Amino acid sequence: MQTKAGFAGSVGNTPLIRIDSLSDETGCEILGKAEFMNPGGSVKDRAALWIVREHEKSGSLKSGGTVVEGTAGNTGIGIVHVCNARGYKTVIYMPDNQSKEKVDILRTLGAEVRVVKAVPYADDMNYQKQAGRYAASIEGGVWANQFDNLANTQSHFESTGPEIWAQTDGKLDAFTCAVGTGGTISGISQYLKTQKNPPKIVLADPYGSALFNWVTTGEASMTPGPSITEGIGNSRITQNLATAKIDSAVQVHDTEMVKMVYRMLREDGWFFGSSTGINLCAAVKIAKEMGPGHTIVTILCDAGHKYQSTLFNPSFLVAKGLSTN
Ligand code: PMP
């Protein structure tokens, strides 16, 4: 029998998928790590599991305890799944500029969701800071703190990075992905850069984020936005991102990203979210720069279902001046 051990045992070991249309067009192998196939539906299941386990190991999270997090979506979803399976309560702080689908799904899963006013990180009432304060104020509460908790990076150093290396037999020329907390790029880049002949690591950034400038000029200054992407881009260098080993960066505009997700749907049969669209656009740019015969790996972060009212809503796209082809 080939079985997996419950929810936790089903996180990770995702397939590495050849994206046919993009590979054929560029003459490169464009491969996507299918993180949308994690049991909670995104790349963040790994970070959620590692963060909860670390709090258990340190003794800060005990039976009947509560995990509190400030999250715009996927991390919260991962945390609630993991906590339900282990008997913990969850309280999720979310800014009020997020889609209703995400609030609904978190409540359906069983989290107590507190929607708070969206204010910048520097403001004391920022959703992440409120989450930290609330966790400290309750008996048995812990703060997941995905942005600056290095268990997030560790999850990708111990699982995603080695999986990619094994699945490509160590033959990859570049790895690229967008950054929210930075856990994915940091853990994967740290692992790959310790191998023989490591690939080039390229940060993919939407507009309206400071990370492209940070990589290319050393200064984290914002580029003009906004972007309709969710879960990626940042105005600050988190403790997770600070540990990444990055060689260069590319910027991807929403116009290209929207065309890419619809192309995936129509030509390849995939239903991806916006950060995956950014990642695939970045992979194609790198393939064109490197020329045919190279292997480029990226992350297929989540599926399109959570973006029904935005990315997959024709009137939303029209209002934003975006076209699907
Ligand atoms: N894509 C999606 C859909 C996400 O939710 C996130 C996490 N916010 C990311 C990409 C970025 O991953 P990371 O936080 O590891 O940088």
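Visitor: What joins strand S2 (residues 29–33) to strand S10 (residues 295–299), and in which sense do the two run?

Guide: Strand S2 and strand S10 are joined by five bridges and run parallel. A pair requires at least two bridges found by DSSP, so the five bridges between S2 and S10 qualify them as paired. Within this pairing, Leu 31 has Val 297 of S10 as its bridge partner. The model is predicted, so that local features need pLDDT of at least 70 and side-chain atom pairs pLDDT 80 or more, while totals for chains, interfaces and linings use all residues. Residues are numbered from 1 along each chain as its sequence is written, and side-chain values use heavy atoms, with hydrogens and water left out.

Visitor: What makes S1 and S9 the edge strands?

Guide: The sheet is open and has six strands in the order S1-S2-S10-S7-S8-S9, with mixed pairing. Strand S1 (16–18) and strand S9 (248–252) each pair on one side only. From one strand to the next, the twist averages 25°. Strands are DSSP runs of E with at least two residues, and helices are runs of H or I with at least four, both numbered from the N terminus.

Visitor: What is the order of the strands in the open sheet of four, and which pairing does it have?

Guide: The order is S5-S4-S3-S6, and the pairing is parallel. Its edge strands are S5 (112–116) and S6 (141–143). Strand S4 (residues 89–95) meets S5 over five bridges in the parallel sense, with Ile 92 opposite Val 113 of S5. Helix H5 (residues 100–109) packs on this sheet, touching S4 and S5, and its direction makes about 155° with that of S5. Such angles run from 0 to 180 degrees between N-to-C directions, with axes fitted to C-alpha atoms, for helices over the stretch in contact.

Visitor: How many residues of domain 1 and of domain 2 are in contact?

Guide: Contact means heavy atoms within 4.5 Å, and 20 residues of domain 1 are in contact with 17 residues of domain 2. The domains are domain 1 (6–37 + 159–318) and domain 2 (44–143), with bounds from an automatic or database assignment. Their C-alpha centres lie 25 Å apart.

Visitor: What is the area buried between domain 1 and domain 2?

Guide: About 1400 Å² is buried, and carbon and sulfur atoms give 53% of that area. The figure is accessible area (1.4 Å probe) that the two parts lose on being put together, summed over both. Phe 7, Val 11 and Lys 306 supply 42% of what domain 1 buries against domain 2, more than any other three residues.

Visitor: Why is the meeting of Glu 230 and Lys 102 called a salt bridge?

Guide: The rule asks for a side-chain nitrogen of Lys or Arg within 4 Å of a carboxyl oxygen of Asp or Glu. The side chains of Glu 230 and Lys 102 come to 2.6 Å, N to O, and therefore meet the rule. Across the interface of domain 1 and domain 2, three salt bridges are found.

Visitor: How many salt bridges does a search of the whole structure find?

Guide: The search finds 17 salt bridges. The side chains of Glu 25 and Arg 263 also meet in a salt bridge, at 2.8 Å from N to O. Because Glu 25 lies in helix H2 (residues 20–26) and Arg 263 in helix H10 (residues 254–268), the pair ties together parts that are 238 residues apart in sequence.
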